[in-house]
Amino acid sequence: MASTQQPEGWTEEVNCPVCLDIFTDPVSLECGHNFCRSCITGCWEQEQKNSCPECRQEFPDGNLKVNWVLVRLAERARKWTLNPGEEGSKPHCQEHEEELKLFCETDKKLICLICRDSREHKSHNFIPIKEAVDIYKDQLKSTFKSLSEKKSMFLESELKQIRKFSEVREQSSSLQTHIASEFTQMHQILTEKEQCLLRELRRDEERILDTMEKNLQKIQENLYSIEGELSKLQQQMEQQDRVKFMKEVACHKRSPGQDYRQLSLAEDKLSVGRFKGPVQYTAWREMIGAINPVPATVTLDPCTANPWLILSEDQTSVRDGELWRPLPATSERFDTWPCVLGSEGFISGRHYWEVEVGAKTWWGLGVARESAERRGRMDATPETGYWTVWLAPERGYVARTSPVDTRLTLSVKPRKVGVFLDYESGQVSFYNADNMSHLHTYTHTFTEVIFPIFSPGLTDGGQNSAPLTVCEVKGH
């Protein structure tokens, strides 16, 4: 029985691993694997790189060498397929020793005609072997094509992921440089302030000590002179010769201490209040002017305010009113949404401002481009020129993104919200200004004037009647 199956095993050795059929124009790769020339070139065109489908080794030169041994073996295999008697008998059923002519679709196995009529295969579906081969080859080709497409997809995903790795590393390196630069500037400001204060202290110390040194020198000169006088007087008082005593007294015309004036002590002191006061706060106050960006006091533009909104006299706060005001209906004014823009727009630079939201239940903050539509019910998303964060009833904190809003998970409800705009970098970021924790960031390439935007929300039955207020910069 082994001899009857030998030809079948022999012919399998000359099948191409791609098309699973007998080699046609077989070629060898440098790795030693063999394929039909059309099969390997087709794979390379589909994958857009020269690699072996078996071991994945790549061959940039794409050299293909004809395998003449396989050419001859493939020709013999085809002859045997067409004239099996020349190479040996056809495979036979091990049970009935009959030629295998059918394929049982139910059991997925080759059978003979006797097997077909047996009880084991009763009511099963059968097809000729040749037809089964064609069917399964088509299925394998379809599977091969599907897997090849998936492979291409994953190769593309792999490439994208590798690029993302590089992008993240480059971005991290850039951010590290930025952080180091920002703190270097602050360190420099503090160092210069420290050195300046120390220089002033040393000057005051030297001035006061110099005055004290001169005063001490005068005191010591007077003390030395007085001690000399005291010594002479002591000698006169101890003189026993009356005549000599009177002569010495007569010669001593000055009275003791006659020309000596009492010198006052130098009262200058170091200014403790100046050098030991709230030094850190003083330095911080002076740093404000050098910080970039310094928190800005943004004012509101009444020409853009919705007619339902009420602005404060100094135009730094806004709330929803109870009456609609008959204001001019211009293209600048929001006629439906309860919004107002800042008075100043930005075309460059870095800017930061803080807004008091308190316990409000509804508000919106961010920036808008100058050409953004302000009339009617607008979809305030980046696509329409709005980069905003909102707190709204039944929705919570959200960033207005497309196609759906991005919900923000906050561990602490902010009472102040900071908005940061970096025009050149195309960044709009939001922070809980109470602890400077990050809330959300948009990125975009800005090409026109960008304005701050504010919405106090609706009154919400009186629960949201408090205003939005732009925070005043302390220490500025």
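This is a predicted model: local features need pLDDT of at least 70, side-chain atom pairs count only at pLDDT 80 or more; totals for chains, interfaces and linings use all residues.

Biologist: New topic. What is the strand order in the open sheet of 7 strands?

Modeller: The order is S7-S8-S19-S10-S15-S16-S17, with antiparallel pairing.

Biologist: Which strands stand at the edges?

Modeller: S7 (309–311) and S17 (437–443). Each has a single partner strand, so one side of each has no neighbour in the sheet. On average, neighbouring strands are turned by 20° against each other, direction ignored.

Biologist: And what joins S8 to S19?

Modeller: 2 bridges, between residues 317–320 of S8 and residues 468–470 of S19. The two strands run antiparallel. Ser317 has Thr469 in S19 as its bridge partner.

Biologist: Stay in S8. Is Asp320 buried or exposed?

Modeller: Asp320 lies in S8, and it is buried yet has no salt bridge. The nearest side chain of opposite charge is Arg319, 7.8 Å away. A salt bridge needs the nitrogen within 4 Å of the carboxyl oxygen.

Biologist: So what does the Asp320 side chain reach?

Modeller: The backbone nitrogen of Thr459, at 3.2 Å. Beyond its neighbours within four places in sequence, Asp320 is in contact with residues including Trp308, Leu309 and Pro456.

Biologist: How many salt bridges does the whole structure have?

Modeller: The search finds 16. Take Lys214 and Asp210, whose closest N and O atoms are 3.5 Å apart. Both lie in helix H5 (residues 129–237), 4 residues apart, about one turn of the helix.

Biologist: Which pair links distant parts of the chain?

Modeller: Asp379 and Arg400, with the closest N and O atoms 2.7 Å apart. Asp379 is in the loop between S11 (363–369) and S12 (386–392). Arg400 is in the loop between S13 (396–399) and S14 (406–407), and the pair is 21 residues apart.

Biologist: Is Arg400 buried or exposed?

Modeller: Arg400 is buried, at 11% relative accessible area. Asp379 is partly exposed, at 42%. Salt bridges with shared partners join Asp379, Arg395, Arg400 and Asp405 into one network.

Key: Residues are numbered from 1 along each chain as its sequence is written. Side-chain values use heavy atoms; hydrogens and water are left out. Two strands pair if DSSP finds at least two bridges between them. Axes are lines fitted to C-alpha atoms, for helices over the stretch in contact, and angles run from 0 to 180 degrees between N-to-C directions. Buried means under 20% relative accessible area, exposed over 50%, partly exposed in between (1.4 Å probe, protein chains only). Lys and Arg count as positive and Asp and Glu as negative; His and the chain ends are not counted. A polar contact is a pair of N or O atoms within 3.5 Å; within protein, one must be able to donate a hydrogen and the other to accept it, and residues adjacent in sequence count only if both atoms are side-chain atoms. Contact means heavy atoms within 4.5 Å.
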